[in-house]
Amino acid sequence: MVAGAFPIVKLGYLAVKQISKPLANHIKRNAKSSPFFRKYVCMPPAQLYHWLEVNFRLRLMGLGKAQSVEKLSEEMAIELGAEMLGEFIIFAIAAGTLLLEYQRSVKKEALKEEREKHQVLILKQKLQDLDLVTAVQEAQIRELQRAVDELEAQNQSLVSRFFGGVKTNK
């Protein structure tokens, strides 16, 4: 088996995606236990999400905008915020993986294009070289034809001098 045939980079990306879920769960657990994360990272996005969801549902049902939206309890907000944080981490890892794969693909395609341009340049150079060789050979053929014509004229002259005006078939 050829060593480069196995897509090791894609296997690495798959491993990163598989690791992201337990990593997100670990971060969620730590976020729930840390007062800073609970108060500043988990709760504000959860309360905003709850407010947006309530208003969206009311408008969707045709009841208009909510006058006031009751805030989630601290426990529910922390749970929802931690869940949102975990999903965001998984999404960020997946997006990063896709971005890296895209960049790798673009780089690979650019390298392929560069090789193709180089091949075209080499072929153009070879074509120019062949054109030059052809021009030189055409000049040599003209020179040889001129020399042959000159030798035939000399031969005709010698034949007519030795044989006295006998016509030769050409």
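Mentor: Buried means under 20% relative accessible area, exposed means over 50%, and partly exposed is in between. Keep in mind that this is a predicted model.

Trainee: OK, so where does Glu53 fall, buried, partly exposed or exposed?

Mentor: Glu53 has a relative accessible area of 26%, so it is partly exposed.

Trainee: And which residue does Glu53 form a salt bridge with?

Mentor: Arg57 is the partner, and the closest N and O atoms are 2.9 Å apart. Both residues sit in helix H2 with a spacing of four residues, about one turn of the helix.

Trainee: How many salt bridges does the structure hold?

Mentor: There are four salt bridges in the structure. One of them pairs Glu143 with Arg146, at 2.3 Å from N to O. Those two lie three residues apart in helix H3, again about one turn of the helix.

Trainee: What else does the side chain of Arg146 meet in a salt bridge?

Mentor: Glu150, at 3.2 Å from N to O. Glu150 and Arg146 are separated by about one helical turn because they are four residues apart in helix H3. Through shared partners, the salt bridges join Glu143, Arg146 and Glu150 into one network.

Trainee: Is Arg146 exposed, partly exposed or buried?

Mentor: Its relative accessible area is 44%, so Arg146 is partly exposed. Glu143 also counts as partly exposed, at 41%, and Glu150 does too, at 43%.

Trainee: Since we're on H3, what span should its 90 residues have?

Mentor: At 1.5 Å a residue, H3 should span 134 Å. The C-alpha atoms at its ends are 130 Å apart, which agrees.

Trainee: Which residues of H3 are buried?

Mentor: The buried ones are Ala77, Ile78, Gly81, Ala82, Leu85, Gly86, Ile89, Ile93, Thr97 and Val159.

Trainee: What follows H3?

Mentor: Gly164 comes after H3, and its phi is positive, near 70°.

Trainee: Switching to the nonpolar side. Which residues make up the largest core?

Mentor: Seven residues: Ala24, Ala31, Cys42, Ala82, Leu85, Ile89 and Ile93. Helix H1 (8-33) and helix H3 (74-163) are the elements that give two or more residues to this core. H3 contributes the most, with four residues.

Trainee: What about Gln18, exposed or buried?

Mentor: Gln18 has a relative accessible area of 54%, so it is exposed. This residue is found in helix H1.

Trainee: How many residues separate Gln18 and Ile90 in sequence, and what is the distance between them in space?

Mentor: Gln18 and Ile90 are 72 residues apart in sequence, and their C-alpha atoms are 9.7 Å apart in space.

Trainee: Last topic, the surface. Which residues form a nonpolar patch there?

Mentor: Phe36, Phe37 and Tyr40 form one, with about 340 Å² of accessible area together.

Trainee: Where is Tyr40 placed?

Mentor: Tyr40 is in helix H2, which covers residues 35-60.

Trainee: Why does Tyr40 count as exposed?

Mentor: Because its relative accessibility is 53%, and exposed means over 50%.

Note on methods. Residues are numbered from 1 along each chain as its sequence is written. This is a predicted model: local features need pLDDT of at least 70, side-chain atom pairs count only at pLDDT 80 or more; totals for chains, interfaces and linings use all residues. Side-chain values use heavy atoms; hydrogens and water are left out. Patches are made of residues with over 30% relative accessible area and no salt bridge: like charges are joined within 9 Å, nonpolar side chains (Val, Leu, Ile, Met, Phe, Trp, Tyr) within 5 Å. Accessible areas come from the Shrake-Rupley method with a 1.4 Å probe; for residues, only the protein chains shown count as cover. Buried means under 20% relative accessible area, exposed over 50%, partly exposed in between (1.4 Å probe, protein chains only). A nonpolar core is a set of buried Ala, Val, Leu, Ile, Met, Phe, Trp, Tyr and Cys residues joined through side-chain atoms within 4.5 Å. The expected span of a helix is 1.5 Å times one less than its number of residues.
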